[in-house]
Amino acid sequence: MDQTADAAVRPRHDFSRLINPRAVAVVGASSDLSRIGGQPLKLLTEYGYRGKVYPVNPKYPEIKGLKCYPDLASVPKPCDVALIALSAQHVVGVIEQCGAAGIPFAIVLSAGFSEIGADGAALQARLVAVARASGVRIVGPNCLGMLNLKDHVRNGFGGTLPLRTLIHGPFAMVTQSGGIGFGIVATAAYYGIGFNYAISTGNEADISMLDLTEHFLERSEVEGVVMFMEGVTDGRRLIAIGERALELGKPILVWKVGNTDIGRQAAASHTARMTTGYVLFQAAFRRGGFVEVRDTDDLLDALKVFRARRLPRGNRVGVITLSGGAGVLLADRCIELGLQLPPLAAATAGILREVVVTFASIANPVDATANGYNDNFASYNRVIATVLADPGIDQVIARCPRGSAATAWSRSFIEVARTSDKPIVMNWPTSPDDNAEVMQYLEQNGIPCILAPGRTVRALAALNEFAQKKRAFEQRPRHVAPRLIAKQPLELPQAAGTLGEHRSKRILAQYGIPTVREALLSAATVAGLEHAPLPFPLAVKIESPDLPHKTEAGAVRLGIADLARMKAAARDILASAQRYKPEARLDGILVQEMAAGLEVIVGAVDDPVFGPVVVFGLGGVYTELLQDLTHGFAPFDVARAKDMISEIKGSALLTGFRGQPALDIDALADTLSRVSLLITDHAGRIAEIDINPLFVRPAGQGVVAADALI
């Protein structure tokens, strides 16, 4: 029943002619090749582009030996892309010309749109309306353009595009910051990592980061996509693209910024793109074929290990070094990042003992010692081959030898590596220019070499994260589970606001979510009672839609043991509520049974980016103290609900911790799924649901909501 991808089921747009155009018209072309209107002419004529280039500017008869056209109507056909380098107020008219001339794509370099405020936003809205009417697709505005290094198309401007050092390769970059993204492409080239494509999306008035990522994933020459992201407006489509990446076996390395309050302010002022809570982006990334990176080094290291095209079958690592200290350090980092270092098989240990010197360690990590210098590391290669062949090892980290023998060793090592399809990552032990030719040879032959032990393990952990998610995706049932309950009609007020606890619980009950027994009584009725409406002990609360936090108002009493105390509690909370907020509407006194069990919190929101989302975690004092929460994109079935339960760090408290009885996980999962249906069915009317606490009882005894707010 997990339907998060449904909103993203749509025909994919073909951006082939944008990426590899037959001809480009440079609108606003300049004879000064250092200006924004001149740089594209130089890039398109001096770097191997095989298509036509048409400068457009009525001021010139020709520029750089090319005929210059007064307008787009006079440009020869076919022309696939108009690169626009004009001031903002002229862009809308040029897009109309594109439509009339049959030019399907425009790259708008110009700034001065939504990123500058209300006037710019209004101009951008006009731009979009004209583009829709004209049938023209727009990259930008406020972008640096695009690179297609595979076909020698450099269509934009800036400090990176003219670099002769850029190289093509199996990756694509989609970036909401042209400066950062293109800079990464240049840095990657320095380390021998190539990108076939890179596009700066700017304000994304039309073509979005998600459009382009989706397109690149489907291209056979692209093995992975990098996203430098400030935010997106369609979280469900982001999730669907992540699942498609798993289906294709292509990672999306995502670098998300604007995750703090200050960062979000910077993102808004830079691109006028509002970002939603980072925690939901993290939940989306965990779900799909995303590997999150946080800096350039981590990104480049991850690209290296993915470029090797070897996915591990599990997370069991064999660590092999020539230094005991390095082995311990690598082992520590592996365990910290969720990788296992199992003992080597007895047969493996037996072979190793015949190969290494007596004082070497054949545990995992293996310390082969510096004795390899005595035989040009031939024995070290036998050690690597033996560990690699161990059936209990899924991948190997080896420390690279140094010195004059390293070159000969590397040739033999490549032959060892070719005998297995398991990932092998080399931890480079020294500076990159020490035996630089060895590093180059290894990487040219598919062996990633990574500086620093921590970076080496983080890169391998990224590979394992993707591989594990891919395995789980392939094993996931493809059938759609039936709903637990049909959509229920609700009586909701027309105006915005908060419902009282009693009314909120009645709505939960309509979806089959258990709530405590309770009675809503007037103050006068309570005062005149001769018998309690429910067995003691009881909770006594004020019922008011204007007091969502009743405890702060002093309007809650718990553990009331007799009728006299109940009446006194009713008088006290009524007075407290009136003092706290005299204008509050008071709908009566809520008398309810006390409940017990493990406190958890279940919430739901209709997020503006990700739509209906359910939040689950430990309740009570643990909620704020531990922040042990997980998120599910609604609607989802009981199986996904059980996955959510297992994701929190405190899940052992539910399954039976230190001899305690297991709690009713089945009933809890059932409730989570029902909440996901409730928020999905009434998204747009229900903004938020809060069930806190929900008590989870021992197995077979169910759950019960003691407090709720809608």
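This is a predicted model: local features need pLDDT of at least 70, side-chain atom pairs count only at pLDDT 80 or more; totals for chains, interfaces and linings use all residues.

**Salt bridge K550–D707.** I started with K550, which forms a salt bridge with D707; the closest N and O atoms are 3.9 Å apart. With a cut-off of 4 Å for a salt bridge, I count the pair in at 3.9 Å. K550 sits in the loop between β21 (538–543) and β22 (556–560), and D707 in the loop between β28 (703–705) and β29 (708–709), so the pair ties together parts that are 157 residues apart in sequence. Is K550 buried or exposed? I looked it up: K550 is buried, with a relative accessible area of 7%.

**Salt bridge R309–E223.** Next I checked R309, whose side chain meets that of E223 in a salt bridge at 2.8 Å, N to O. R309 is in the loop between α10 (296–307) and β15, while E223 is in the loop between α6 (209–217) and β12 (224–229), so this pair links parts that are 86 residues apart in sequence. R309 is exposed at 58% relative accessible area. E223 comes out as partly exposed, at 25%.

**Salt bridge E647–R640.** Then I looked at E647 and R640, whose side chains form a salt bridge with 2.9 Å from N to O. E647 is partly exposed, with a relative accessible area of 42%. R640 has 16% relative accessibility, and the limit for buried is under 20%, so I log R640 as buried.

**Strand β15.** The loop that holds R309 lies between α10 and β15, and I looked at that strand next. β15 covers residues 317–321, and five of its five residues are buried. I checked both faces: V317, V319 and T321 are on one side, G318 and I320 on the other, and all are buried. For partners, β15 runs parallel to β17 (residues 395–399), joined by four bridges. In that pairing V317 stands opposite Q395. β15 also pairs with β16 (residues 366–367), again in the parallel sense, over two bridges. There T321 is opposite D367.

**Helix α14.** I did a length check on α14 (residues 406–417): at 1.5 Å a residue, its twelve residues should span 16 Å, and the end C-alpha atoms are 16 Å apart, which agrees. Its buried residues are A406, W409, S410, F413, I414, V416 and A417. Looking down the axis of α14, I see these buried residues fall within an arc of 150 degrees, so they line one face of the helix. An α-helix has 3.6 residues a turn, so residues three or four places apart point the same way. What do the buried residues of α14 pack against? I get α13 (378–389), β18 (424–428) and α15 (436–444).

**Confidence.** Last, I checked the pLDDT. The protein averages 92, and 95% of the residues score at least 70. Over residues 3–9 the pLDDT is below 50, and this stretch has twelve contacts in the model beyond near neighbours in sequence. Residues 263–276 are also below 50, with 35 such contacts.

How values were computed:
Residues are numbered from 1 along each chain as its sequence is written. Side-chain values use heavy atoms; hydrogens and water are left out. Buried means under 20% relative accessible area, exposed over 50%, partly exposed in between (1.4 Å probe, protein chains only). Two strands pair if DSSP finds at least two bridges between them. The expected span of a helix is 1.5 Å times one less than its number of residues. The arc is that of the directions from the helix axis to the C-beta atoms. Contact means heavy atoms within 4.5 Å. pLDDT is the predictor's confidence in each residue, from 0 to 100.
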